[in-house]
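Hi,

Here is the structure I promised to pass on. Please open it and keep it beside you while you read my notes below.

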Amino acid sequence: MNIIILSRNPHLYSTQRLVEAAKQRKHNVEVIDPLKCEIIIEKRNPAILYKGRTLENIDAIIPRIGASVTFYGTAVVRQFEMMKVFSVVESQALVRSRDKLRSLQVLSRAGLGMPKTVFSNYTKDVAEVIEYVGGAPLVIKLLEGTQGLGVVLAETNNAAESVLEAFNGLQARVIVQEFIKEAKGADIRAFIVDGNVVGAMKRQGKEGEFRSNLHRGGSANIIQLTDEEENAALKAAKALGLGVCGVDMLQSARGPLILEVNSSPGLEGIEAATKKDIAKSIIRYIERNV
C-alpha cells in the first residue's frame, strides 16, 4: 500500500517509528508536511498538490497534526477523505477532540466520569465557580493549552480567584476543574487502536509537580487496567469517533475520571513503558481497513 504520514517533523520519534513499521510490513511510506499541501477544490475532482506534484494512488494517511495547525491540518485530512483515502483519524473526530470544551460535553453525554468542571464566559462571580468544583485546591486550564502548558494548580481560594481574574482580564478562555487529591499527581494513559487497548501506562509527575506529562520530568510505567478503566477508555474513544487515540484518566475514589482524549498521542512514552510495538498496531489497523 501507499501510506502518507502527515507530520511537520519527519525526525520525531513517533513519525520515525510509523515509517519503520510501515516499511517492515512492505508498504510504501512518505512523510508530508500538511502545511505545504495545496488543496485543489474542483467539482468531482478533489486533489492535493505537494511541492508541485499531485498526490495520487494514496491508500491511507496517518495524521500527526499538531494543535497549533489544527485548522489547516484538518482541512488537508478532509481533502484526503474526499479523495476516498482511508484516515486512521477522521477529520471530524480530530476537530471534536481538539475542542476541549466540546469533547468534555460529548464525554459527559456518553455518561463517562470526569472531574467536576466549570466553563464560563469571563464571569465576574469567580467565587461561585470555585465553590462549585469544591473549592481549592483546584485546577485551571487554558482551553488552548497542550502538553501541560497553560495548566495551573491553585492551592487556595484566594489564589484561584486571582488566577481566574487575571485570565478573565486577558480574555483567555479557561475551564476550572476539581483537584483529585487521591490521584497523587499521577494519571493513566490508555492507548487505543481500532477499538482495542494496545497499551497502558501510569504517568507520575516529578516530586512537587501535579502534572504528569513525561516531557515535564514525569516518569511512566506499564499498568494493567481494571475492567472499569478499560471500559471507560474504550467508551471515550468511541464517543469521540477516534480510531487511534490516547485516553488520559485519573484514578479516583469514585472510579476512573476522564481528563482528555488525545487524537495525536506520542508513541515514545507508551512504547518505552510497555515494550510493545504500538506503531505496528497502527499499520495493521490500516491493513484491515483498506
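**The open sheet**

Start with an open sheet of 3 strands, in the order E3-E4-E5, with antiparallel pairing. Its edge strands are E3 (37-40) and E5 (53-54), and each of them pairs on one side only. Keep in mind that this is a predicted model.

Find Tyr50, then look across to E5: Arg53 stands opposite Tyr50.

H2 (residues 70-82) lies across E3 and E4. Helix H2 runs at about 55° to E3.

**The parallel strands**

Move to strand E6, residues 60-63. Both faces of E6 are covered. Ala60 and Ile62 are buried on one side, and Ile61 and Pro63 are buried on the other.

Which strands pair with E6 in the parallel sense? One is strand E1 (residues 2-6), which is joined to E6 by 4 bridges and runs parallel to E6. Here Leu6 stands opposite Pro63 of E6. Another is strand E7 (residues 86-87), which pairs with E6 over 2 bridges, again in the parallel sense. Ile61 has Ser87 of E7 as its bridge partner.

H2 comes back here. Together, E6, H2 and E7 make a β-α-β unit, and the unit is right-handed.

**Two crossing helices**

Find helix H3 (residues 91-98) and follow the chain to H4. The axes of H3 and H4 come within 5 Å and cross at roughly 100°. Angles of 65 to 115 degrees count as roughly perpendicular, so H3 is roughly perpendicular to H4. On the H3 side, the contact is made by Gln92, Val95, Arg96, Ser97 and Arg98. On the H4 side, Lys100, Arg102, Ser103 and Val106 make the contact.

Pro115 lies in the loop between helix H4 (100-109) and strand E8 (117-119). Is Pro115 buried or exposed? Its relative accessible area is 2%. Buried means under 20%, so Pro115 is buried.

What does Pro115 touch, not counting residues up to four places away in sequence? Its contacts are Gln177, Glu178, Ile180, Leu250, Arg254, Leu257, Ile258 and Leu259. Take Leu257 from that list. Leu257 and Pro115 are 142 residues apart along the chain, yet their C-alpha atoms are separated by 6.2 Å.

Ile222 lies in strand E14 (residues 219-222). Is Ile222 buried or exposed? The relative accessible area of Ile222 is 51%. Exposed means over 50%, so Ile222 is exposed. Leaving aside neighbours within four places in sequence, Ile222 is in contact with Ala200, Met201, Ala273 and Thr274. Now locate Phe119. Phe119 and Ile222 are 103 residues apart in sequence, and their C-alpha atoms are 34 Å apart in space.

**Cysteines**

How many disulfides does the structure hold? The count is 0. Two cysteines to look up are Cys37 and Cys245. Cys37 has a relative accessible area of 1%, so Cys37 is buried. Cys245 has a relative accessible area of 0%, so Cys245 is buried too.

Best wishes

How values were computed
Residues are numbered from 1 along each chain as its sequence is written. This is a predicted model: local features need pLDDT of at least 70, side-chain atom pairs count only at pLDDT 80 or more; totals for chains, interfaces and linings use all residues. Side-chain values use heavy atoms; hydrogens and water are left out. Two strands pair if DSSP finds at least two bridges between them. Contact means heavy atoms within 4.5 Å. Axes are lines fitted to C-alpha atoms, for helices over the stretch in contact, and angles run from 0 to 180 degrees between N-to-C directions. A disulfide is a pair of cysteine sulfur atoms within 2.5 Å. Buried means under 20% relative accessible area, exposed over 50%, partly exposed in between (1.4 Å probe, protein chains only). A crossover is right-handed if, with the strands pointing away from the viewer, the path from the first strand over the helix to the second runs clockwise. Angles under 35 degrees count as roughly parallel, over 145 as roughly antiparallel, 65 to 115 as roughly perpendicular and the rest as oblique.
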